[in-house]
Amino acid sequence: LSQKPILVASEKDEFSSISLPKPPADAAEVRKVSNARARLFRTSQGNFLSAKTVSPDENEEKLDSEEPAMMSNLCRRSDNCLAEQRPYTPFNDESRQLICNEQSSRLEREDFLKGTAGKFLFQLRGESDQMKKPGTSSSWPRTTDWKRRVTGLEDETRTHEAEEEEIFWRMKILPILPELEKEDNIENLCLACTKLYQALNEGNMLGKRFTRRSVLLKTLYKLVDIDSDLLCLKLAKIILAMKVDGKNLLGVCKLAFKICRNEKNDYIVQNDRLLDCLLEVLRTEDLQKNNEAFLYCMGAIKFMSGNAVLLNEMVNKGAIEMLLQLMKQINNIKENDTYFSNLGHLLVQLTATLRNLADLPPARCQLMCSGAVSELSVVLEQRMNDKDVCTYIVRIFSKLSSYDDFCAALADCSRCYVLFLALLNKHQKQQDLVIRIIFILGNLTEKSNKAREEFFKERGSVNTLISLFQTYYELDLNAQKWYHERGEEEKSHPKHPSEAEDVLIKVIRVLANLSIHPSVGAALAATHRIVELLVTVLEYKSVDDCEELVINTATTINNLSYYKVKSSAVQDKKLHIAEMLLKLLMSNNMDGVVEAVRVFGNLSQCHEICDFIIQKKIYKFVIALLDAKNKDVCFSACGVLLNLTVDKNKRALLMEEGGIGKLVDCLQDFGPADWQLACLICKTLWNYSENITSVASCFGEDTDTLLVLLTSLLDEELVSDYSLNRDLRDYHKLCWEREFKPVAEKLLDRIQSHHSFLPTVTMTPF
C-alpha cells in the first residue's frame, strides 16, 4: 500500500478507551499465543529431511498482510522464540497441548481485531475527510480498509490450513517416510507407497499446493532406479498425482511408458488405476510445453489399449472424446510451427490407440457422435507424408467402414475421396496402406449409388485404379513366374492370397461395385484398358490359384457385359472372353461356374456367342446345371437357354438332355419362392413353343404336368402367404403380377389351344 494509516497515540483519541493487548511476561506464553502465525513465516523443517521448501502461500502472506505496528512486532518476536524452542520437536502430548493453546490464542486475536475494527475505521474516515480536496474522492481509504480486512481473513484461513496440514503431516505422513528408506525390501516399499498415496489423498495433499511437496518428491525419486515394475508403477502414480511438470513430468511419463510396454504388467496396471493419472495429464497439461511428455504418456496409453479390460475402461472414462480433443489441438498447429514435426510421433501413438478402441461397439458410437471423421480427415490432409500416421487412420476407417452408419458419415465428408486418391498416388507401393484404402472404397461403393458416382467423378479416379491394377498385376505375375521357374508351384505357392493378389482382389471389387451405377458402368465398359486387365487375369490365373481373384474378375466382366454401348470393350473382346470363361465353367468350383454362366447369359444375346455355345457343346453343360437344385444356378442357366431359343434353329436343342423336363422341374421347385425365375422359365418355354403344331410333339410327356402347374401358379391365393412379413409379401405379389402372370397366362393359353382335353391330374399343394 502506498499510504499506511497512523495509529493515534494520544490518550484523548478514540483509541484511549481500548487497551491494546500486552505481550505476556513469560516467554513460553509468547510461544503459545503466536505459534500458529509464526509457522507461516519460517521455512519448513523436519526430523531428518534436509530439503527446505517455501510454500507459495507463505510468500503471499508476506506481501499481502499489513497489520498494525504492535501486532507485527508481536509476530516477529514470537517467531524468534519459536525458532529457539522447536527446531526438532517430536509430536507428543506436550505438542498436542501446544496446538490447543495456539487455537485458543487465535480466537482471542480474532476478538481483538473485531473489537477495534469499527472504531479504527471511523478514525480513518475522520482523517480522510479532513485531508480531502475539492474534486477528489474519499473512497480510497474505505477501499484500503476493506482490502485489509479481506486480507486478514485470508491470512486466518491460510493459517488454519497450514496448521491442519502440519498436524496431518506429523500424524499420517511422517510415520510412513522411514519405511521408504528401507530399500532392501521391495514388498515393504510397495506397501509403504500404497499407504502414502492413500494418506496423501485423505489429507487432500495431492497436487501442487502441498507445502512439503518438493521434499517428499525427492524422497520418491530416490526409489525410481530400483528394478521393480510394481514399485515403479506405485511411484509413478503418486508422482503424477502430485502434478509435477517440466522435466519431472517427462521423467515420470517415461517411467509409465517403460512399465506399460511390458504386457506382463497389464494386471498390475489395471489394478493400480494408472490410466486415470495418464488421462489427467492429457486433459490438464499444456501440449506445446510438454510435447515430449505427452508422447510417452500417449505411448503408455497405447500399450494399455492392447488389453481388453483396460480398453473397456478407456471407453467408460471418456478417453475417446479426450483423444479427439487432443487431436484437434494438434490439428490447430500450423505446418511452419516448430512443434509440427515433433507432434507427428504423438499422432502415431494417438491414432494407434483409436484404432484399438474402434473394435468396441460403444467406442464406435462415440467416434460417430464426436465428429471423428472430420478430425481424422484433417490429420490425413496435414500429414500426407507421414506414412505411419496415415496407415493408422486408414486402419480406423477400414474397420469402421464395415458399418453402414459410418459409411454414410464418411461419404458425407466431401474431401474423403480426394484424400484417398492422393494417398494412393503417393504411397502406391505401400501394400499395407493401399489395400486398406481400396477396402474402404469397396465398402463405400458397395452401399451407396451416390458414392459410386462421386468417386467416379473425382479427377483421376479411374486412372488411379488402372495404375494400381497394372502395378500389382505385374508384381503378381513376376511372383508366379518365380514359382514356376523353381518348380515349386504346388508345394510352395501359398493357398491364401499373396499381398499382390489381395490388392488385385480389392481393386477389382471396387470396379465391380462402380459398374452397378448405370452411367458409370457404361463408361467403364468402354474403357479398354480396364477390360484388357480383367481378361489378362483370366488368362494367367486359374480358380485353383486364387479363387477369390478369378471369381471377382468374372463378376466384374459380367457387370460390364450388361451395358450394350457402341464402344463397349467387352463386346469387342467377347469371343476371347468366352474362351477364357470356358475353363472356369469346366472347373469344380460351383461359385466360379455360376459366374461364368452369368457372363454367358449376357454375352449370348449375340449370335457369335450363341454359335460358340453350340460349337463347344456348352449348352449341354448349361442344361445339366438345371439339376443343381440351386436357385441362383438355375436362374443363370435359364438366361443362357432363353437367349438360345430366340434363334428358331437352335430351339430343338432343348429336347436334348431332357431340357424341357428339367425346366418344368425347376418351375415346380422354385416357382412360388422366386417369381422372377418362374417368369424366366415361362419365357424360355414360350420361345421354344412359338411354332407349335402339336402339344405332344412339343412338350411330350411333360405336357399335363406343365398345364396343372401353370394353372396352380396363376391362382392369386398362392401369392397371399401370410407367413411372410408385409413388405416381403407385397414384393412377391408385385413380381407375380408384373412379371410372371402375363407370360404364364399366354403360355397356358397356347398349350390349352393345342390340347384336346384338360387333364384330371391332382397336384400336391405347394
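Which residues in α36 meet which residues in α39? I opened my notebook with this one, and I will work through the rest of the chain after it.

**Entry 1: α36 and α39**

I am looking at a predicted model, so I keep that in mind for every entry. On the α36 side I listed W675, Q676, A678, C679, C682, K683, L685 and W686. On the α39 side their partners are Y731, H732, C735, W736, E739, F740, V743, A744, K746, L747 and R750. By class, I noted 13 nonpolar, 2 polar and 4 charged residues in this contact.

Next I looked up how the two helices lie. Two packed helices are described by the angle between their axes and the distance between the axes. Helix α36 covers residues 675-688 and helix α39 covers residues 726-753. Their axes cross at roughly 20° and come within 9 Å. An angle under 35 degrees counts as roughly parallel, so α36 and α39 are roughly parallel to each other. I also wrote down that α36 passes α39 in a left-handed crossing.

**Entry 2: the whole chain**

I stepped back for an overview. I found 39 helices and 0 strands in the chain. The chain has 766 residues, and 50% of them count as buried. Then I checked contacts with a separation of 6 or more: residues 24 or more positions apart account for 75% of these.

**Entry 3: α21 and two partners**

How are α20 and α21 placed relative to each other, roughly parallel or roughly antiparallel? Helix α20 (residues 416-426) packs against α21 at an angle of about 150°, and the axes are 10 Å apart. Angles over 145 degrees count as roughly antiparallel, and therefore α20 and α21 are roughly antiparallel to each other. Their crossing is left-handed. From α20 I noted Y417, F420, L423 and L424, which meet V434, I437, I438, I440, L441 and L444 of α21. The class count for this contact is 10 nonpolar, no polar and no charged residues.

I then turned to α19 (residues 404-412), which packs with α21 (residues 431-447) at an angle of about 100°. The axes of α19 and α21 are 10 Å apart. The range for roughly perpendicular is 65 to 115 degrees, so α19 is roughly perpendicular to α21. D404, C407, L410 and A411 of α19 make the contact with I440, N443, L444 and K447 of α21. Here I counted off 5 nonpolar, 1 polar and 2 charged residues.

Is K237 buried or exposed? K237 lies in helix α8, residues 229-241. Its relative accessibility is 13%, and buried means under 20%, so K237 counts as buried. I followed its side chain and found that it reaches the backbone oxygen of D272 at 3.1 Å. Setting aside residues up to four places away in sequence, K237 touches Y197, D272, L274 and C277.

The side chain of D272 makes a polar contact of 3.0 Å with the side chain of K234. Apart from neighbours within four places in sequence, the contacts of D272 are L230, L233, K234 and K237.

**Entry 4: G659**

I looked up G659 in helix α35, residues 659-670. G659 is buried, and its relative accessible area is 0%. Leaving out residues up to four places away in sequence, G659 touches I623, L626 and L654. I also checked G659 against V622: they are 37 residues apart in sequence and 9.6 Å apart in space, C-alpha to C-alpha.

**Entry 5: two lysines with positive phi**

Where is K617 found? K617 is in the loop between α32 (607-615) and α33 (618-625). Its phi is positive, about 60°, although K617 is not a glycine. At 48% relative accessibility, K617 counts as partly exposed.

My last stop was K629, in the loop between α33 and α34 (631-644). Phi of K629 is near 55°, again a positive value in a residue other than glycine. Exposed means over 50% relative accessible area, so K629, with 54%, is exposed.

Technical notes. Residues numbered from 1 in each chain as written. Predicted model: local features only at pLDDT ≥ 70, side-chain atom pairs only at ≥ 80, totals over all residues. Heavy atoms only, no water. Helix = DSSP H or I, 4+ residues; strand = E, 2+ residues; numbered from the N terminus. Buried < 20%, exposed > 50% of the residue type's maximum accessible area, 1.4 Å probe, protein only. Polar contact = N/O pair within 3.5 Å; in protein donor to acceptor, adjacent residues only side chain to side chain. Contact = heavy atoms within 4.5 Å. Axes fitted to C-alpha atoms, helices over the stretch in contact; angles between N-to-C directions. Nonpolar A, V, L, I, M, F, W, Y, C, P; charged D, E, K, R; others polar. Left-handed = near helix turned anticlockwise from the far one by under 90°.
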